[in-house]
Amino acid sequence: MTSIKPPRLPNASARRLFLDKHGLGSAPKGNGKGEDLAAVIDELGFVQVDSINTVARAHHMILAARRPAYKEKNLKRLLERDRHLFEHWTHDAAVIPAAFFPHWRLRFSRDKERLIGRWRNWRRDGFEEKFDAILKQVSAHGPVTSATVGEDEKRSSGGWWDWHPSKTALEFLWRTGELSVCGRDGFKKIYDLTERVIPAEHRATRIDTGETIDWAARSALDRLGFATSGEIAAFWDLITPQEAKLWCQRALEKGSIVEIEIECVDGPPRKAFAYPETLETLDALPEPPARVRILSPFDPALRDRKRAERLFGFSYRIEIFVPEPKRKYGYYVFPVLERDRMIGRIDMKVFRAEGRLNIRAFWPEDGIRMTKGRLARLEAELARTARFSGCRDISFESAWLR
């Protein structure tokens, strides 16, 4: 019997679908606050939180790329006052809709088993002995930071791998759900009892493991548009690759998903799964906007570097930990999107005391010509970035256009 060849998604269609699923496929609009901002985060699933503040922190840049009217205080309000969001772990620290909290109980239980052994080897001894004291302190006296627990313990500047025992205990209690992040002081996490942070309706909901596996796989594929089982597992980093693989097998047998081929920029097509109804919407996808957008290196559209390379031909690596003489581009270089193409990367930095955004260099991708129109669109986006980061002026270093 001749097997039926799976349908092939042309590269242009795959890019357009992928960007649409990531909130970058149409012209940005909306006030970027309240319900509008909550809808953006719900659509993405989560927004990664990162501390590097060369221009603005990653979570703020991710949201501003989709809502130019966004202000940093708008996220703080959703997270700390409205409690529409909570902060926890996906593949990294992230803000997540609070409605998803019941599914994170699976992570809490699995992290408890996984981290206790690893952290006994990696961290200083004694962090487990601090659990009760910290929980009693928070219960009696309110929120704490790593600076206000274990004040008699020796501090070290050795880095994240050499926390004092009470700091390790705080992180463990957060990762396993007994404490929650109720806010931040600068970028320092503030912890409180979960019962004081997560709305009661979400804390009261109990979901079994099978339901969470199904939800995690379904919602990941919906937000990715198309994916392998490994990409589905990696999206939330909530279920195992084997659980995602089994879910795909069963969904394929039921006909709720189909196997397709994705045409890559280079190399052979790649097999993936998609919902049949997703494929039916391809002709209705909006035309990507002509405007240029500067993205965070941690933007969800680029988080999977290998997928970005297959879809866009865009090879990106962060060079933070590369010695300066060996860097190809710069310490923290921002990807630049135009329509459905990655057109280059830009090295820029805010000098806050001077209120100035300094542009060190822009490198167009191979085959990208910097026409007057494209240069004007890039400069318009730099003007928006300057306003967003609180800068009055923009400076360009000599020969900045590489």
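Modeller: Happy to! Let's start with a charge over a ring: Arg175 lies over the face of Trp89, at 4.3 Å from the ring centre. Keep in mind that this is a predicted model.

Biologist: Nice. Which charged end sits over the ring of Tyr329?

Modeller: That is Arg345, with its charged end 4.5 Å from the centre of the Tyr329 ring.

Biologist: And rings with rings? How many aromatic pairs does a search of the whole structure find?

Modeller: The search gives 21 aromatic pairs. One of them is Tyr70 with Phe388, a tilted pair with 6.2 Å centre to centre and 35 degrees between the planes. This pair links distant parts of the chain, 318 residues apart: Tyr70 is in the loop between helix 3 and helix 4, while Phe388 belongs to helix 15 (residues 372-388).

Biologist: Is Tyr70 buried or exposed?

Modeller: Tyr70 counts as buried, because its relative accessibility is 0% and the cut-off for buried is under 20%. Another pair is Tyr332 with Phe334, which is edge-to-face: 5.2 Å centre to centre and 85 degrees between the planes. Tyr332 is buried, with a relative accessible area of 2%, and Phe334 is buried too, at 0%.

Biologist: Which residues do ring pairs link into a cluster?

Modeller: The cluster is made of Phe46, Phe86, Phe100, Phe101, Trp104, Phe108, Trp215, Phe235 and Trp236.

Biologist: What about the backbone? Which residue has a phi near 55 degrees?

Modeller: That one is Arg83, and the value is positive in a residue other than glycine. Arg83 is found in the loop that runs between helix 4 and strand 3 (85-89). Arg83 counts as buried, because its relative accessibility of 18% falls under the 20% cut-off.

Biologist: What is the phi of Arg339?

Modeller: Arg339 has a positive phi of about 50 degrees, although it is not a glycine. Arg339 lies in the loop between strand 10 (333-338) and strand 11 (341-351).

Biologist: How accessible is Arg339, in percent?

Modeller: Its relative accessible area is 41%, so Arg339 is partly exposed; that class lies between the 20% and 50% cut-offs.

Biologist: Last topic, cysteines. How many disulfides does the count come to?

Modeller: The count comes to zero disulfides. Take Cys264: the nearest cysteine sulfur is that of Cys248, 18 Å away. A disulfide needs the two sulfur atoms within 2.5 Å, so Cys264 is in no disulfide.

Biologist: Is Cys264 buried or exposed, then?

Modeller: Cys264 is buried, with a relative accessible area of 10%. Cys182 is buried as well, at 14%.

Notes. Residues are numbered from 1 along each chain as its sequence is written. This is a predicted model: local features need pLDDT of at least 70, side-chain atom pairs count only at pLDDT 80 or more; totals for chains, interfaces and linings use all residues. Side-chain values use heavy atoms; hydrogens and water are left out. Rings of Phe, Tyr and Trp (its six-membered ring) pair if their centres lie within 6.5 Å; planes under 30 degrees apart count as stacked, over 60 as edge-to-face and the rest as tilted. Helices (H or I, at least four residues) and strands (E, at least two) are DSSP runs, numbered from the N terminus. Buried means under 20% relative accessible area, exposed over 50%, partly exposed in between (1.4 Å probe, protein chains only). A charge sits over a ring if NZ of Lys or CZ of Arg is within 6 Å of the ring centre and within 35 degrees of the ring normal.
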